[in-house]
Amino acid sequence: MPRSRRARRLRGSLLAFALLVPALLGAAPGGSGETISLAGSEPGLRLDVTLTRVVDPAAPAGQEPAGNERLVATRFRLENTGTAVYRDSPASAAHLLTTTGHRFSGEDIPTTAGPAFPETVTLDPGGTVEGFVAFRLPRDSDPAAVQFALDAGLADDVGHWSLPLS
């Protein structure tokens, strides 16, 4: 088999794996506006998380992106539906997957898309907050999905939204 065909098959397999793993872990597929209820490791820690917007590309506030990279900004709405206080960094809780299977961690990068979350969000039960999480990725990458998990992204419960959002 020619090398380029093998590479395409491998990329396709990696993408399928990256998109299938969250489903096997109990994550919900989703689109714009879909709310996914997620639990953390602490008793009573539960958030309803909604991916409300994706800005691709997003312009960094006050600076130009590096030559071969771009920013993708994702807006989340977090609602504390549990009984425990949520205290975490939404940026470290979010990840972006590309069609080639690469995974990028969220960052606290100010963009012109809108206000970013603070480095640490403290949310009492019943409280709601919205903000952007940015991802720095190569200019030629194609986003495939966004994931969010409590406990700095380490909780077993993972929200999964397929891209592009409609």
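Residues 24 or more positions apart make up 70% of the contacts in this protein that have a separation of 6 or more, a contact being heavy atoms within 4.5 Å. The model is a predicted one, where local features need pLDDT of at least 70 and side-chain atom pairs count only at pLDDT 80 or more, while totals for chains, interfaces and linings use all residues. Residues are numbered from 1 along each chain as its sequence is written, and side-chain values use heavy atoms, with hydrogens and water left out.

Let's start with the parts list. You'll find 3 helices and 10 strands; these are DSSP runs numbered from the N terminus, helices being H or I with at least four residues and strands being E with at least two. Along the sequence they follow the pattern α-β-β-β-β-α-β-β-β-β-β-α-β. Of the 166 residues, 42% count as buried. Buried here means under 20% relative accessible area, with exposed over 50% and partly exposed in between (1.4 Å probe, protein chains only). The accessible surface comes to about 8,500 Å², and carbon and sulfur atoms hold 52% of that; the areas come from the Shrake-Rupley method with a 1.4 Å probe, and for residues only the protein chains shown count as cover.

Now for the strands. Four of them line up as an open sheet in the order β1-β2-β3-β8, with antiparallel pairing; two strands pair if DSSP finds at least two bridges between them. At the edges sit β1 (35-39) and β8 (128-138), each pairing on one side only. Inside this sheet, β2 (residues 46-58) and β3 (residues 69-80) run antiparallel and share 9 bridges. One spot to look at is Val 55, which stands opposite Ala 73 in β3.

Asn 80 counts as buried because its relative accessibility is 2%. Its side chain reaches the backbone oxygen of Leu 123 at 2.8 Å. Beyond its neighbours within four places in sequence, Asn 80 is in contact with several residues, including Arg 46, Tyr 86 and Asp 124.

What about the nonpolar interior? A nonpolar core is a set of buried Ala, Val, Leu, Ile, Met, Phe, Trp, Tyr and Cys residues joined through side-chain atoms within 4.5 Å. The largest one has 30 residues, and those with the most contacts inside it are Val 49, Phe 76, Leu 78, Tyr 86, Phe 148 and Leu 150. Setting aside neighbours within four places in sequence, Leu 78 is in contact with Val 49, Tyr 86 and Phe 148, among others. There's also a second, separate core of 8 residues, which includes Val 55, Leu 71, Ala 113 and Ala 134.

Next, head over to β9 (residues 143-149), where 7 of its 7 residues are buried. It runs antiparallel to β5, and 5 bridges join the two; Leu 97 stands opposite Ala 145 in β9. β9 also pairs with β10 (residues 158-162) in the antiparallel sense over 5 bridges, and Gln 147 has His 160 in β10 as its bridge partner.

Last stop: His 95, in strand β5 (residues 94-98). His 95 is buried, because its relative accessible area is 10%. Its side chain makes a polar contact with the side chain of Arg 103 (3.1 Å). Such a contact is a pair of N or O atoms within 3.5 Å; within protein, one must be able to donate a hydrogen and the other to accept it, and residues adjacent in sequence count only if both atoms are side-chain atoms. Not counting residues up to four places away in sequence, His 95 also touches Phe 135, Ala 145 and Gln 147, among others.
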